[in-house]
There are 2 protein chains.
Amino acid sequence: MEPGRMDVGILAMDVYFPPTCVQQEALEDYDGASKGKYTIGLGQDCMAFCTELEDVISMSLTVVLSLLEKYQIDPRQIGRLEVGSETVIDKSKSIKTWLMQIFEEYDNTDVEGVDSTNACYGGTAALFNCVNWVESSSWDGRYGLVVCTDSAVYAEGPARPTGGAAAIAMLIGPNAPISFESKFRGTHMAHVYDFYKPNLASEYPVVDGKLSQTCYLMALDSCYKRFCGKFEKIEGKQFSISDANYFVFHSPYNKLVQKSFARLVFNDFLHCPSNLQKEERENLEPFSNMTGEESYESRELEKASQQVAKPFYNVKVQPSTLLPKQIGNMYTASLYAALASVVYNKHSTLMGQRIVMFSYGSGLTSTMFSFKLHDGQHPFCLSNIASILNLSEKLKSRHVFSPEKFAKTLKLMEHRYGAKDFETSNDTSLLSPGTFYLTKVDSMYRRCYAKKGSEDAPGSKMFGFSSMSVANGY
Amino acid sequence: MEPGRMDVGILAMDVYFPPTCVQQEALEDYDGASKGKYTIGLGQDCMAFCTELEDVISMSLTVVLSLLEKYQIDPRQIGRLEVGSETVIDKSKSIKTWLMQIFEEYDNTDVEGVDSTNACYGGTAALFNCVNWVESSSWDGRYGLVVCTDSAVYAEGPARPTGGAAAIAMLIGPNAPISFESKFRGTHMAHVYDFYKPNLASEYPVVDGKLSQTCYLMALDSCYKRFCGKFEKIEGKQFSISDANYFVFHSPYNKLVQKSFARLVFNDFLHCPSNLQKEERENLEPFSNMTGEESYESRELEKASQQVAKPFYNVKVQPSTLLPKQIGNMYTASLYAALASVVYNKHSTLMGQRIVMFSYGSGLTSTMFSFKLHDGQHPFCLSNIASILNLSEKLKSRHVFSPEKFAKTLKLMEHRYGAKDFETSNDTSLLSPGTFYLTKVDSMYRRCYAKKGSEDAPGSKMFGFSSMSVANGY
């Protein structure tokens, strides 16, 4: 490998989430759920959602332009752009093609890549594809750009509080501060109906919550086993949680992240009990002869392993939970919002450290992989990424909706999903300058977006849409 | 690059198309269209379609198992599997996960890759991704497998005769007989509404036929310009059609392929008139000062350039048109069915030759790229691929339906699309042994498939489904 092409990975990140959210505590009350069911039971604080003005296309336009502007990347320097999403607005036209508007403005239409799809795993697939492109013989020396964008909404009922919405953009290239350890990778894929979207006219999925959780934990076990196997083969020593500084999980809700990390601790115990202290071992020994299936069902094991894992969780997992707890499930963006949380919270101490990632998409597809963290060079350094992410500020400036207003919004969106011939309210008062929003869907289902003006350039701006009207003019 | 990793490309191919088809001539008559409208106007002979027994999932199961069996590939040797499709049966669960059933049977769940989506371009995206994986640092030495599967159906009206259905499987690895010239690549992507599927409850697309054709030709021009530019930069000489032995196009209908090739000839003329004979030049000179837009509209230019291109077309394009003319538009599989046609028709003379490919997906995404053909080693050699493809035999054994029966089938499928809780007829008399077919969709939208038994093992066989029932048993 040429020296210039080493350490391929994430050079820069930006995240966007809607300014509108609902408190999980208020939602418990509104739903008549028992106190703590969502906040402690699910482990969630708050949930973001799109109003009629935003969708996965507008959020991805917003975050891509924001990343390019904040890191001062010329759009002509992008040679590949891939999108991961499971929120289908069109069954044929990729979200990537809407994003091309930004690049057409700069006469750059030479941009490879389309959309990758399998539930929450699409972003990871897009990321792997982009990294492989940089390492391939067809790489042309330009940057890759990966976008994860999703809006997670559920029908009224027990799954509704597990929604969320966000878009993440990641710039890919060599000499990255967040670089792949490409040889440590454990994948597990299988055919299961744990969560799927066969009802094409509805935005809501069909979910078997219990099956999905079991599948997630089974996939985690399988990926961890393979990841450890590859690590041992290459490094010549056993892998345990002490070999990584952070563990970042796909986060549909925080409670599952707690269970997942505890499951890794239990795996370490089964693999090599001597890794644990005497007292910890004693807590887990009663479960050492359980079959796999029993172990997924056992509440006692769950409790015991979480107790053993707790002090490690606080150090190795907690820093990744900021955005997932505040925003909710972001589907493809969830894992990378958790990674962004670690970078934001810990950027000054990450150099030389290892972060292990677990990506899961129902259906099912899953991979465990790892990053090595480097200093990087401005603007592609951890401190600059953290400062551009600016998460606390972004979270603080959100607008909290009442559960009534939230339910009303979702009701309106049910009618809007797949609909044509309507205009949105165009009331952009809650949006920050620079945010793209949907203005209308015409009688041919064509979607029009505008960009909210900045204070310097007030008023809406139809950014990047000239080429569209030319093309449609034929 | 290590010597063992050179010449990455297509090692093996197999194609599957439904045994049911309708003659375009009979369809003209049935539709009350003028004689020759579909056969000469569109340039199509016949159109394949799925009955209620088949869909994109069953076709992809059939073709993947067929490829593995015919080339004697152990399913454990597959390390990556990617699907390109624009026929959405589930908006979240990838077609790839259904295919995992074949590999779970062999305890191989360590298979990367998901589905790639953008109209007819998804197969090319999947192919590029698989090739890049083999060239990347995360490659684990196993084969990649790319599947393109689509069913193209249109509402009653002028677009209906441009349907089709097929699935293609391609094995990817180093030392391939059909290897990528990865540095010659011209991509053009933009945001257009030429063909899209925003009506989520319907299988039918929204199509602007005229716009789509213009977009296709504009994209072709742009890709060809970039492809030639890269060729000239690396090879130090101008590229013209004489530098490739075959040109293979995405083929929604044959007439567009004729127009496309003529367009390349016109591009060559504009770029370097001296490439053409005096008489040919004189035919095209009246159009040399047209604006781009005028040139897409001009019937006279179309006629003149097709006339000049005709002798070259017969040699360089005609051999690729076998399957597309007989099956119709196969969306993602279309370009690779055309490639398979060249390999089938010309395998003994391809060594050392160059094939230029043009992939187009509405919305829009497009790339021109090229293959270099090599001898290969059995079973991965051109003659074996041709013999396994066995196209004439496969085409001959089809069953021709009347237009009435075809229309009735499509009417039934309109009700079946996105539906639940039904059983199919299970009348597999028209299917060949080894073909997968849909048996039912249950009340939770879960789809059950079976495999038609061979003569050695008569009766239907629920191949590879044990793992599914285990997983669903939780």
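**Second largest cavity**

I began with the lining of the second largest cavity, which by class has nine nonpolar, 10 polar and 10 charged residues; here Ala, Val, Leu, Ile, Met, Phe, Trp, Tyr, Cys and Pro count as nonpolar, Asp, Glu, Lys and Arg as charged, and the others, Gly among them, as polar. I note that this is a predicted model, in which local features need pLDDT of at least 70 and side-chain atom pairs count only at pLDDT 80 or more, while totals for chains, interfaces and linings use all residues. Residues are numbered from 1 along each chain as its sequence is written, chains are lettered from A in the order in which they are written, and side-chain values use heavy atoms, with hydrogens and water left out.

I took a cavity to be a set of points, on a 1 Å grid over the protein atoms alone, where a 1.4 Å probe fits but cannot get out, with lining residues having an atom within 4 Å of a point. Of the 29 residues that line the second largest cavity, A:Val88, A:Lys91, A:Thr117, B:Val88 and B:Thr117 lie nearest its centre. Helix H4 (95–104) and strand E5 (115–117) of chain A, and helix H4 (95–104) and strand E5 (115–117) of chain B, each supply at least two residues of that lining; helices (H or I, at least four residues) and strands (E, at least two) are DSSP runs, numbered from the N terminus. I put its space at about 320 Å³, a volume being the space filled by probe spheres set on the grid points, which are joined across faces, edges and corners.

**Largest cavity**

I then turned to the largest cavity, with a volume of about 370 Å³, and found 31 lining residues, of which A:Asp55, A:Ile89, A:Glu203, A:Tyr417 and A:Arg447 lie nearest its centre. Its lining has 20 nonpolar, three polar and eight charged residues, and H15(A) gives the largest share, four residues.

**Contact between the chains**

I looked last at the contact (heavy atoms within 4.5 Å), which takes 81 residues from chain B and 81 residues from chain A. The area buried between the two chains, meaning the accessible area (1.4 Å probe) lost on being put together, summed over both, is about 7,200 Å², of which carbon and sulfur atoms give 53%. I counted four salt bridges between chain B and chain A, each a side-chain nitrogen of Lys or Arg within 4 Å of a carboxyl oxygen of Asp or Glu; one joins the side chains of A:Asp110 and B:Lys230 (3.9 Å, N to O).

Technical notes: 1 Å grid on protein atoms, 1.4 Å probe; cavity = no way out; pocket = protein on both sides within 12 Å on 5 of 7 lines; lining within 4 Å.
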